[in-house]
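Biologist: I'd like to learn how to read a model like this one. Can we go through it feature by feature?

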Amino acid sequence: MTLVSGWGRFPVVDTEMLRPRSFAAVGDAVARGSIARGNGRAYGDAAIGAARTIEMTGFDRVRSFDPATGRLRLEAGVQLSDIIETFAPRGFLPFVVPGTRFVTVGGAIAADVHGKNHHGEGGFGRYVDSILLRTGQGEVIEASREQNPDAFFATIGGMGLTGIILEATMRLRPVETGWIRERVISAADLDAAMRALDAGDTATYSVAWIDCVARGGDLGRSLIYLGEHARADELEAGAGRFPAGKDPGLAVPVDLPSMTLNRYSVRAFNELYYRMGARRAGSHHVVSLYPYFFPLDSVGAWNRIYGRRGFLQHQCVIPTAGARGVLGEILDRVSRRGDASFLAVLKKLGEGDGLLSFPLPGYTLALDVPLKGDILDFLDEIDRLVVAAGGRLYLAKDARQSRATFEAGYPALPRFNAIRKALDPDGNIRSKLSQRLFDEV
Amino acid sequence: MTSRKTVLVLGGSSDIGRAAARAFAKAGYDVGLAGRDPAALEPDAADLRARYDVACSIHKFDVLDTPSFESFVSSLPALPDVVISIVGLLGTQETAQADLAHATTIMRSNYEGPALILGLFAEKFLGRGSGTIVGVSSVAGDRGRASNYVYGSAKAAFTAFLSGLRARASRGGVHVVTVKPGFVRTKMTEGMKLIGPLTVEPQVVGDAILDAVEKKNDVVYVSGKWRFVMLVIKTLPEAVFKKLKF
């Protein structure tokens, strides 16, 4: 048995880890209570099996690539970092990338991850044409929008609960360069931030970083980052068309004492961060895709800054209509509490693609929350606000929401469960997350 | 296409073999993958072609079948620019202590086979007047340890062979690289207790091999830490060394 956790390092769970080397061995590995695991970047308990965890990162082969269509067939353990490094020099990038590139394709499908372009271009699943799935009852099926569509739409965003994703066909985006033309907008409060995001609907990429320490009239003070793929003629003379992605040079070597991040150190940091950003506001500049899409990837093992106890990430989405009131209330509670979260990310989402995909048209707010004190009770109260507004929580980030919150947020759950039952009548595929939220007890 | 450089990887289905093939293909080499089970190499060949738009061929090669070596080399469509042997077998030390057949297999897989095949390529390369030979040996060959001296002694012999070959071949325009990876997270080491800071991913070794070939390095410890660790281990007096459990 091996102690395993997600990226948030909470919870830590004992599980049997298996690392099959062939698809046949994957089949042999599946027993009651199994789930596939990619690179372990889901924050909570999504990629930990109820009994067994099947590590898929060894399946890292590309099967085929057609530069005429951008169609890429690959094994599920290939990481997005690998796709970017391999295909960017050939003029292709994934259509959708989340905030870290160190995720597998299988994981990206299972969580239907979204990026800074979800408001206009949808999530990862929208660019997946087909999935090779090993179902819980042992069949290996190809699922697409035409063939086995039920399995396809349940697998996109299905948290790995429809079976083991073995391979997928996805489309890549042709790009002229690996650079992003970025514009920074500073917003003095939440209203201004939301207005800036609304105005940024036409931008390919948009996201806001909110200073959670700012209170009162400054509540929701933000920097908004808009981005477009840069053309070759927009690059500085001498800049290569495709910047190199550096491996994390700087890594957090040890668990920092949990007092490192406190309201005073963070207040100072945020003040500096906001002012430096605000100085750049308004102007356009061209940045490498790596810092633009993956700012935290440059610091290895950054999850250690929250100390040994780990942290939670609370990411909700609130439907557009009631969003302003609820977001204001959440941010007010967070800033008044002081130690809950220091920085939040706000972004607009569009329609989700899979049955259990997280996105819905509205605003998503992501908070990093160090695990301490009565923080769980505090988050339960925030959940009540989310549910009342018709919102939901992102399963890839979740380690603690209640069944009631989950069921209220995901109305397609009964249909998902029916499809899952048909694919896995004996209940072989089960994660700690599904035990907590889905499965009959 | 004929102007492209070519590399032949013996032991192409191993994790380090796959990583080395990727590193060379990424650098623009056409690749030959050689292994016992050609069908098992097909997915890796397809991977290289799809990723890097290079040519990739597959060859049947069994390191224990030494009588076939001459025909293996002569049947290659062209002599490669670079040949890399990643073939090896860790085996089980405890079994090898009493089971002569197992000990023999370890010795032949890590020394006899790799040395003979690379020696054969060296003759061909010297005849041509160019080429690079890479032997993946092991830090285990730097000093025989209680826990793996059957494997270690075979690697020591292989290291010595490469050293002599390098001295001789360098006068004929042929370069020989000895690579000592240290701990690598691979199929071979799965389940072993590896020391985190001394352990690298296979791709790090693959990239280091390409780098050593391009820079014409002689002996490469993939991580500099290993050069230091093995220096300490090599200089310990035997009286102390024999009391160590590792």
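This is a predicted model: local features need pLDDT of at least 70, side-chain atom pairs count only at pLDDT 80 or more; totals for chains, interfaces and linings use all residues.

Biologist: Which residues of α1(B) are buried?

Modeller: The buried ones are B:D15, B:I16, B:G17, B:R18, B:A19, B:A20, B:A21, B:R22, B:A23, B:F24 and B:A25.

Biologist: How far apart are the end C-alpha atoms of α1(B), and what span should we expect?

Modeller: Helix α1(B) covers residues 15–26, and at 1.5 Å a residue its 12 residues should span 16 Å; the end C-alpha atoms are 16 Å apart, which agrees. After the helix comes B:G28, with a positive phi near 100°.

Biologist: On to sheets. How do I read one?

Modeller: The general idea is that strands of a sheet pair through backbone hydrogen bonds, either parallel or antiparallel. In chain B there is an open sheet of 7 strands, in the order β3-β2-β1-β4-β5-β6-β9, with parallel pairing. Its edges are β3 (56–60) and β9 (219–221) of chain B; each has a single partner strand, so one side of each lacks a neighbour in the sheet. From one strand to the next, the twist averages 20°.

Biologist: How many bridges join β6(B) to β9(B)?

Modeller: There are 3 bridges between them, and the two strands run parallel. One residue pair to look at is B:K180 with its bridge partner in β9(B), B:Y221. Helix α7 (residues 202–215) of chain B lies across β4, β5, β6 and β9 of that chain, at about 150° to β6(B).

Biologist: And what is the strand order of the open sheet of 8 strands in chain A?

Modeller: That order is β15-β11-β13-β12-β18-β19-β17-β20, and the pairing is antiparallel. At the edges are β15 (284–288) and β20 (392–393) of chain A, each pairing on one side only. Inside the sheet, β11(A) and β13(A) pair over 8 bridges, and A:R183 has A:L226 in β13(A) as its bridge partner.

Biologist: Last one: how many residues does each chain bring to the contact?

Modeller: Chain A brings 8 residues and chain B brings 8. On the chain A side, strand β5 (residues 62–66) gives the most, with 4 residues. By class, that side has 2 nonpolar, 2 polar and 4 charged residues. For the complex, the predictor gives an ipTM of 0.88 and a pTM of 0.92.

Definitions and conventions
Residues are numbered from 1 along each chain as its sequence is written. Chains are lettered from A and ligands numbered from 1 in the order in which they are written. Two residues are in contact if their C-beta atoms, placed from the backbone, lie within 7 Å. Ala, Val, Leu, Ile, Met, Phe, Trp, Tyr, Cys and Pro count as nonpolar, Asp, Glu, Lys and Arg as charged, and the others, Gly among them, as polar. Two strands pair if DSSP finds at least two bridges between them. The expected span of a helix is 1.5 Å times one less than its number of residues. A residue is buried if 20 or more other C-beta atoms lie within 10 Å of its own, exposed if 12 or fewer, and partly exposed in between; C-beta atoms are placed from the backbone. Axes are lines fitted to C-alpha atoms, for helices over the stretch in contact, and angles run from 0 to 180 degrees between N-to-C directions.
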